Amino acid sequence: MNLIALGHRIREQRKKHGLTSEQLAELCDVGAVHIRKIESGVKVPSLSLFVKLCNSLHTSPEYLLQDNLSFAEKQEIR
């Protein structure tokens with residue numbers, strides 16, 4: 001899994017929605033340090049946190065994971 005790309009997309013979406021890492025952390029019921037570690041590619045979000053991130057950022061899991069999906073998986077999504 002490309003954690004750097006995942007973290008970059010999460011940060012990009014957070015900023016697009018005008019949220020600070022503290023605000024996103026509050027929406028997801030985690031600490032701001034945890035969000036920053038995910039955004040920097042140091043930590044992997046749990047499945048439940050990943051779902052909360054998608055919902056809080058109004059974005060699809062496919063968008064956040066697009067660098068991690070194989071070509072066949074991308075074709076199935078379309």
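Is Lys-52 buried, partly exposed or exposed? In this predicted model, Lys-52 is partly exposed, with a relative accessible area of 34%. Its side chain meets that of Asp-29 in a salt bridge, at 3.7 Å from N to O. The two residues are 23 positions apart: Lys-52 belongs to helix α4, Asp-29 to the loop between α2 and α3. Asp-29 counts as exposed, at 62% relative accessibility.

The protein contains 6 helices and 0 strands. Of its 78 residues, 35% count as buried. Among contacts with a separation of 6 or more, 56% join residues 24 or more positions apart.

Helices α1 (residues 3–16) and α4 (residues 47–57) pack at about 35°, with axes 10 Å apart. Their crossing is left-handed. Helix α1 contributes Leu-6, Ile-10, Gln-13 and Arg-14 to the contact, and α4 contributes Phe-50, Leu-53 and Leu-57. These residues divide into 5 nonpolar, 1 polar and 1 charged.

The salt bridges number 4. One pairs Glu-39 with Arg-14, with the closest N and O atoms 2.6 Å apart. Glu-39 lies in helix α3 (residues 32–39) and Arg-14 in helix α1, so this pair ties together parts 25 residues apart in sequence. Both partners are buried: Glu-39 has a relative accessible area of 4%, and Arg-14 one of 9%. Another salt bridge joins Glu-22 and Arg-36, at 3.1 Å between the closest N and O atoms. Here helix α2 (residues 21–28) is tied to helix α3 across 14 residues of sequence. Glu-22 is partly exposed at 44%, as is Arg-36 at 36%. Shared partners join Arg-11, Arg-14 and Glu-39 into one salt-bridge network.

How values were computed:
Residues numbered from 1 in each chain as written. Predicted model: local features only at pLDDT ≥ 70, side-chain atom pairs only at ≥ 80, totals over all residues. Heavy atoms only, no water. Helix = DSSP H or I, 4+ residues; strand = E, 2+ residues; numbered from the N terminus. Buried < 20%, exposed > 50% of the residue type's maximum accessible area, 1.4 Å probe, protein only. Contact = heavy atoms within 4.5 Å. Axes fitted to C-alpha atoms, helices over the stretch in contact; angles between N-to-C directions. Left-handed = near helix turned anticlockwise from the far one by under 90°. Nonpolar A, V, L, I, M, F, W, Y, C, P; charged D, E, K, R; others polar.
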